[in-house]
Amino acid sequence: MDTTPFLNSTVFSAGLQRVGQVRNKKIAECKNDADKARSLAAGLLFCYGYREHLGTGKMISCNGKTPKQDVPEEGLPGPHGKPLAVDGVYYSLSHSGNYAACLIGRSENGLDIQVRRPVREGLEKRFFAKEENDYLDGLRGKGGAEEVTDAFFTIWTLKEAYAKYTGKGMSEGFSGFSVMPSVLREGKGTVGGSILQSGRYGKLGKDCFWAVFSGEDGCGKAPEVEVIEILPENLFLP
């Protein structure tokens with residue numbers, strides 16, 4: 001969703017009343033209004049997804065405190081910052097530029113979004129695996145600057161989403177695993193030879209890249225991912 005409406009103080013104040021204590025604390029720690037708007041939007045998306053798409057109105061007690069009426073409370077951060085599941089609900093949050101996003105479901109998952117921006121020269125050599133760099137070098141050899149940028153952000157978001165999925169973040173380094181080649185060629189694929197982790201990726205508009213990883217559903221296969229663009233007014237639920 002677009003986060004710019006939350007730069008309005010009235011809309012922002014109304015949104016604060018619709019998120020729990022964990023999110024309010026995160027917002028208070030943000031350094032500027034744009035960061036606060038993104039954080040609030042992400043928290044509202046969690047509340048929306050938890051109640052509307054998982055079909056539950058059950059409120060969660062978090063850290064021994066009872067949340068506000070009708071406000072589901074987010075999980076506390078795990079060892080590497082990933083929020084813990086709450087009441088069997090797994091979720092992942094991300095924001096970039098004027099976008100915020102939430103992936104929510106009944107299995108472990110990870111989400112990342114990135115808005116297109118200039119890429120510092122040599123960044124991929126530090127963080128990408130050899131076959132990923134070889135792929136980018138091949139695109140450069142064809143002279144396709146836009147294709148190179150698209151491929152860079154696709155790989156980056158997939159790696160970020162996978163790191164969130166495992167819950168290890170960047171602690172093990174991005175260059176130690178590859179999301180190539182099947183992911184980029186087919187729009188889905190595997191990591192590390194395992195069939196248990198399935199990646200999906202795409203774009204919102206022309207400039208926002210997204211990627212997700214999710215665990216198996218009850219039938220032993222990765223759930224499909226449905227992308228829903230939410231308007232801020234839809235988040236202010238009764």
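Colleague: Which residue takes a positive phi in the hairpin of strand 1 and strand 2?

Modeller: G97 does, with phi near 60°, and the hairpin has two residues between its strands. This is a predicted model, where local features need pLDDT of at least 70, side-chain atom pairs count only at pLDDT 80 or more, and totals for chains, interfaces and linings use all residues. Residues are numbered from 1 along each chain as its sequence is written, and side-chain values use heavy atoms, with hydrogens and water left out.

Colleague: How many bridges hold strand 1 and strand 2 as a pair?

Modeller: Seven, in the antiparallel sense, between strand 1 (residues 90–96) and strand 2 (residues 99–105). Strands pair here if DSSP finds at least two bridges between them. Within this pairing, L93 stands opposite C102 in strand 2.

Colleague: And how do you define the elements themselves?

Modeller: They are DSSP runs numbered from the N terminus: helices are H or I with at least four residues, strands are E with at least two. The protein has seven helices and six strands. From the N terminus on, the order is α-α-α-β-β-β-α-α-α-α-β-β-β.

Colleague: Back to L93. What does R23 touch, leaving out residues up to four places away in sequence?

Modeller: S39, G43, E73, E74 and L93, where a contact means heavy atoms within 4.5 Å. R23 sits in helix 2 (residues 21–28).

Colleague: Is R23 buried or exposed?

Modeller: Buried, at 5% relative accessibility. The cut-offs are under 20% relative accessible area for buried and over 50% for exposed, with partly exposed in between (1.4 Å probe, protein chains only).

Colleague: Which residues of helix 2 are buried?

Modeller: V22, R23 and I27. Seen down the axis of helix 2, they fall within an arc of 135°, so they line one face. That arc is taken over the directions from the helix axis to the C-beta atoms. K25 and A28 are exposed, on the face turned away from the buried side of helix 2.

Colleague: What about helix 1, which residues are buried there?

Modeller: In helix 1 (residues 9–16) they are F12, G15 and L16. Their arc is 100° when viewed down the axis of helix 1, so these buried residues also line one face of the helix. At the start of helix 1, a side-chain oxygen of N8 comes to within 2.9 Å of the backbone nitrogen of T10.

Colleague: Switching to aromatics. How many pairs do you count?

Modeller: The count is 10 aromatic pairs. The rule takes rings of Phe, Tyr and Trp (its six-membered ring) with centres within 6.5 Å; planes under 30 degrees apart are stacked, over 60 edge-to-face, and the rest tilted. One of the pairs is F46 with Y50, which is tilted at 5.8 Å centre to centre and 40° between the planes.

Colleague: What are the distance and angle for F128 and W156?

Modeller: Their ring centres are 6.2 Å apart with the planes at 45°, so the pair is tilted. F128 lies in the loop between helix 4 (123–127) and helix 5 (130–141), while W156 is in helix 6 (residues 145–166), so the pair ties together parts 28 residues apart in sequence. F128 is buried at 3% relative accessibility, and W156 is buried at 12%.

Colleague: Which residues do ring pairs link into a cluster?

Modeller: F127, F128, F152, F153, W156 and F209.

Colleague: Last one: how far apart are F213 and E108?

Modeller: They are 105 residues apart in sequence and 8.4 Å apart in space, C-alpha to C-alpha. F213 lies in strand 6 (residues 208–214) and is buried at 0% relative accessibility.

Note on methods
Polar contact = N/O pair within 3.5 Å; in protein donor to acceptor, adjacent residues only side chain to side chain.
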